[in-house]
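Here are my notes for you on this chain, written as numbered points. Keep the 3D view open while you read and click on the residues as they come up.

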Amino acid sequence: MSQRFDFTIVLAGVLVCSMPLASQSKRPLRANPALPPVVVPHGNPQTAAKVELGGQLYFDPRLSADDTISCATCHAPETAWANHNPVDTGIRGRTGTRNSGTILDAAYMKFQFWDGRATSLEEQALGPIHNPVEMGETLEHVVRKLRAIEGYRTQFSAVFGTDVTTDGIAKAIAAFERTVLSGPSAYDRFMSGDNTAMSVAAQRGLQVFNGKGGCHACHQGPLFSDQSVHNIGVGMDRPDPDIGRQAVTNDPADRGKFKTPSLRNVALTWPYLHDGSAADLNAVIELYDRGGVSNPTLDDRIKPLGLTNEEQQDVVEFLQALTGTLPHINRPALPR
């Protein structure tokens with residue numbers, strides 16, 4: 001049978017959400033006043049029971065072919081809902097070619113996956129399950145496995161009025177992921193009028209970010225992302241480069257383009273870039289300072305910057321000030 005789990009989100013030491021969520025399920029999804037409420041699709045309204053079910057599915061390794069890999073394997077709450085390996089490791093030790101990134105605040109993002117092949121959390125949720133490198137399962141078989149578990153059958157019936165389905169799996173996981181939101185950062189407090197919230201170095205870094213560095217051209221708005229895709233040249237000098245967005249659109253102009261990630265909490269989610277090739281923020285800043293990696297579809301905005309060492313360090317200080325309070329979610333007991 002299903003077991004309810006303790007679902008808590010703690011922001012700056014203040015309990016703002018705890019299971020059961022029935023009385024809170026209709027509240028706007030927002031953990032940071034500097035960000036707008038999360039848009040919830042009409043076809044997948046948030047409910048406490050659905051979020052609980054989605055949390056169980058998110059942490060359940062039985063969604064993988066060998067029962068060893070869950071969504072949380074590559075997007076763990078203990079590592080800012082990402083992981084610190086350059087690329088993902090899936091079933092039977094298989095390794096991919098791209099960094100996992102974080103699902104923190106992913107509910108705000110237009111594109112899911114580095115190449116933007118999914119445009120909703122619902123669409124994204126099923127991708128890793130049937131990816132042969134990641135979870136290596138078929139959707140048909142995962143449905144059969146979950147239908148054999150009484151606790152899941154009971155919950156799917158209560159939440160969706162159906163037996164276990166792939167549509168329900170996707171909707172439940174997406175509903176859970178919409179609650180994985182970060183809270184205010186030092187930058188947000190600074191912008192709200194607290195002049196002491198950011199260090200002097202971080203304040204200088206903000207000026208470089210918006211000025212000489214030109215970072216704001218793509219990392220703009222409250223999420224520090226233009227919600228688009230760009231080619232900065234990473235990996236394009238390899239014999240067989242990852243062509244990124246081109247594989248989705250078949251448009252040669254999209255060769256080597258990858259989505260602009262949000263910079264919120266970026267200091268917690270190393271390594272960086274779509275292939276995890278930058279070990280730390282210093283390496284990322286140095287890449288941009290060099291003007292990326294030259295290739296025929298390099299974005300026009302990527303040019304050598306001529307930043308001093310101090311300016312580079314100041315930008316890193318600023319990026320660290322984008323770290324917000326994180327949701328704390330206890331791992332659930334799984335249905336048996």
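1. Which residues form one aromatic cluster? The members are Tyr-58, Phe-59, Trp-81 and Phe-176. Before going further, note that this is a predicted model, where local features need pLDDT of at least 70, side-chain atom pairs count only at pLDDT 80 or more, and totals for chains, interfaces and linings use all residues. Residues are numbered from 1 along each chain as its sequence is written, and side-chain values use heavy atoms, leaving out hydrogens and water.

2. Now for the ring pairs. Rings of Phe, Tyr and Trp (its six-membered ring) pair if their centres lie within 6.5 Å; planes under 30 degrees apart are called stacked, over 60 edge-to-face, and the rest tilted. Searching the whole structure turns up eleven aromatic pairs. Take Tyr-58 and Phe-176: their ring centres are 5.1 Å apart and the planes sit at 50 degrees, so this pair is tilted. Tyr-58 is in helix α1 (residues 48-59) and Phe-176 in helix α6 (residues 166-177), so to speak a link between distant parts of the chain, 118 residues apart. Helices here are DSSP runs (H or I, at least four residues), as are strands (E, at least two), numbered from the N terminus. Both Tyr-58 and Phe-176 are buried, where buried means under 20% relative accessible area, exposed over 50% and partly exposed in between (1.4 Å probe, protein chains only).

3. Next, look at Tyr-187 and Phe-224. With centres 5.2 Å apart and planes at 70 degrees, their rings count as edge-to-face. Tyr-187 belongs to helix α7 (residues 186-191) and Phe-224 to the loop between α8 (200-210) and β3 (229-230), so the pair ties together parts 37 residues apart in sequence. Tyr-187 and Phe-224 are both buried.

4. On to charges. A salt bridge is a side-chain nitrogen of Lys or Arg within 4 Å of a carboxyl oxygen of Asp or Glu. By this rule the count is 17 salt bridges. In one of them, Asp-67 pairs with Lys-145, with the closest N and O atoms 3.0 Å apart. Asp-67 is in the loop between α1 and α2 (71-74) and Lys-145 in helix α4 (residues 139-147), 78 residues apart. Are these two buried or exposed? Asp-67 is partly exposed at 40% relative accessibility, while Lys-145 is buried at 19%.

5. Helix α11 (residues 309-320) deserves a visit too. Its Glu-310 forms a salt bridge with Arg-204, which lies in helix α8, 106 residues apart from Glu-310. The closest N and O atoms of Glu-310 and Arg-204 are 3.7 Å apart. Glu-311, also in helix α11, forms a salt bridge with Lys-212, at 2.9 Å between the closest N and O atoms. Glu-310 is exposed at 52% relative accessibility, whereas Glu-311 is buried at 19%.

6. Finally, check α8 itself. Ala-201, Ala-202, Gly-205, Leu-206, Val-208 and Phe-209 are buried there. What do the buried residues of α8 pack against? They pack against α7 and α11, where contact means heavy atoms within 4.5 Å.
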